Amino acid sequence: MRALFPLFFFLLASCGDIPRDPDGSLKRIRRERVLHVGMVEGADLQSIRRADALIAALAKDTGANPAVTRDGQEALLLRLEAGDLDIVVGGRFAEDTPWKTRVTLGPPLASETAAASTLNDHAVTRNGENAWIMLVQREARKVAR
Amino acid sequence: MSNALPEALVPLMRRAERLEWWSIAWTISVIAVMGAAMGSSQTMKTAWIEDCLSLIPPIVFLVAVRVERWAPTNRFPNGFQRAPSLAFAIAAAALTALGGSLLVNSAMSLFAQEHATIAAIDVFGHELWLGWVMVAAQIYSIVVPLVLGRLKLPLARALNDKTLFTDAQTQKANWMTGIAGIGGVIGIGLGYWWADAVAAGIIALDILNDGLRALRAATAELVDGTPRALDSPKIAEDAAAIDQLLRARFPGAEVRLRETGRIIHAQVIGATPPAQKVDPATYWTGDPERSWRLGQISFVAPEPFEQEPAASASKGNG
């Protein structure tokens with residue numbers, strides 16, 4: 001256990017740039033200037049407007065150009081999990097969606113209650129890409145306002 | 001034999017009880033702080049579970065000191081001094097099982113390459129990475145048990161109390177898991193996804209170790225083993241000294257020692273008991289202030305026993 005001390009101080013010493021992405025999403029987006037976006041097909045006009053506003057803000061922040069792929073929600077989320085996409089927008093999720101553990105849902109951009117259940121409009125990112133997630137969540141909160 | 005606590009231990013026991021109540025209160029505050037900062041990190045979940053489990057020893061201790069004082073009844077003529085050991089053994093078994101299960105969970109997390117998400121929170125209009133909140137919570141969770149463990153250790157030795165000793169040792173050792181936890185969270189921050197599962201695994205190993213240590217302490221007493229030292233599985237020094245003295249005074253007799261709670265019981269088999277009632281303290285060779293440790297000596301007379309052939313074969317002198 002005492003061997004953990006040097007490791008601990010090494011970790012503390014390199015705290016300047018925290019958090020970082022394990023797979024380097026944010027750095028790659030900035031470096032390659034391409035933002036891989038999944039847009040859920042069949043999203044309503046309001047959702048599309050909010051998604052567009054979010055993607056525009058992220059593109060401005062990162063200096064990247066959005067490359068948009070359109071498909072069904074499940075198909076896009078599977079591609080997001082596999083690392084083919086950086087973000088999925090226009091999707092709607094119940095509060096107890098099983099996707100909650102597999103991907104990271106951003107703050108709700110909008111909510112709609114129908115038939116005693118609430119569906120939230122979330123921008124979705126891969127789990128663990130914490131620097132990228134923080135940026136998406138910051139911009140999503142602005143769009144939700 | 002009386003079940004009353006030896007007079008010399010009463011103030012120490014009161015202090016230990018007060019300390020355990022404080023311990024419960026502080027541990028609840030640690031659990032609340034850790035729970036609030038937990039997020040989706042496996043490290044934090046495991047550390048939080050460990051904090052919840054650290055409530056068990058103080059609760060077992062407080063229940064035990066009450067049960068220990070109950071007077072013997074017809075159905076329980078030997079009193080209830082061993083009830084705490086039973087409770088402690090059950091708690092230790094639960095701790096061991098949970099430690100094992102958390103270790104498996106961490107290994108599965110590592111195997112599945114789960115990436116923990118730790119995002120930001122809003123603190124008075126400022127964005128703050130939740131990992132820093134987790135690190136602060138972990139530091140709080142290190143300091144509290146470290147202080148409590150150091151306060152409990154001398155009391156546990158003076159009272160010769162296994163539950164309190166195991167509790168103190170567990171708390172003293174908690175700082176290492178705290179450091180592992182902080183390392184795990186900062187590791188995630190640095191982009192090492194595996195740091196979360198590895199740190200959780202280290203904490204789970206520590207829970208497993210605590211469980212096994214407590215299990216060893218409890219089982220030796222439950223199977224009537226010779227009294228063990230508080231801090232090791234070796235025979236207790238005071239028990240070894242009593243054993244040596246009794247063998248010297250009753251050559252050829254078999255000497256058996258066992259322990260119920262903090263009290264040693266000696267049985268001398270194949271020796272004629274002294275004609276007069278003898279205070280067990282006369283067989284105590286150590287510090288006179290700790291002579292309460294030897295609570296009872298009984299004798300099993302050699303066959304044939306001429307004086308009382310049909311009577312009980314043992315005579316309690318304590």
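Colleague: Which residues in H2(B) meet Asp196(B), Ala197(B), Ala199(B), Ala200(B), Ile203(B), Ala204(B) and Ile207(B) in H7(B)?

Modeller: This is a predicted model. By class, the contact of H2(B) with H7(B) has eight nonpolar, three polar and two charged residues. On the H2(B) side, the residues are Gln42(B), Thr43(B), Thr46(B), Ala47(B), Glu50(B) and Leu53(B).

Colleague: Are H2(B) and H7(B) roughly parallel or roughly antiparallel to each other?

Modeller: Helix H2 spans residues 42-53 of chain B, and helix H7 spans residues 194-222 of chain B. They pack at an angle of about 20°, with axes 7 Å apart. Angles under 35 degrees count as roughly parallel. H2(B) and H7(B) are therefore roughly parallel.

Colleague: Which element gives the largest share of the side of chain B that touches chain A?

Modeller: The contact takes 21 residues from chain B and 21 residues from chain A. On the chain B side, strand E2 (126-129) and helix H6 (162-189) each give two or more residues. The largest share is eight residues, and it comes from H6(B).

Colleague: What percentage of residues 86-108 of chain B is helix?

Modeller: The unreviewed UniProt entry annotates residues 86-108 of chain B as a "transmembrane region". The end C-alpha atoms of this stretch are 33 Å apart.

Note on methods. Residues numbered from 1 in each chain as written. Chains lettered and ligands numbered in written order. Predicted model: local features only at pLDDT ≥ 70, side-chain atom pairs only at ≥ 80, totals over all residues. UniProt positions renumbered as here; feature names shortened; annotations may be inferred. Helix = DSSP H or I, 4+ residues; strand = E, 2+ residues; numbered from the N terminus. Axes fitted to C-alpha atoms, helices over the stretch in contact; angles between N-to-C directions. Parallel < 35°, antiparallel > 145°, perpendicular 65-115°, else oblique. Contact = placed C-beta atoms within 7 Å. Nonpolar A, V, L, I, M, F, W, Y, C, P; charged D, E, K, R; others polar.
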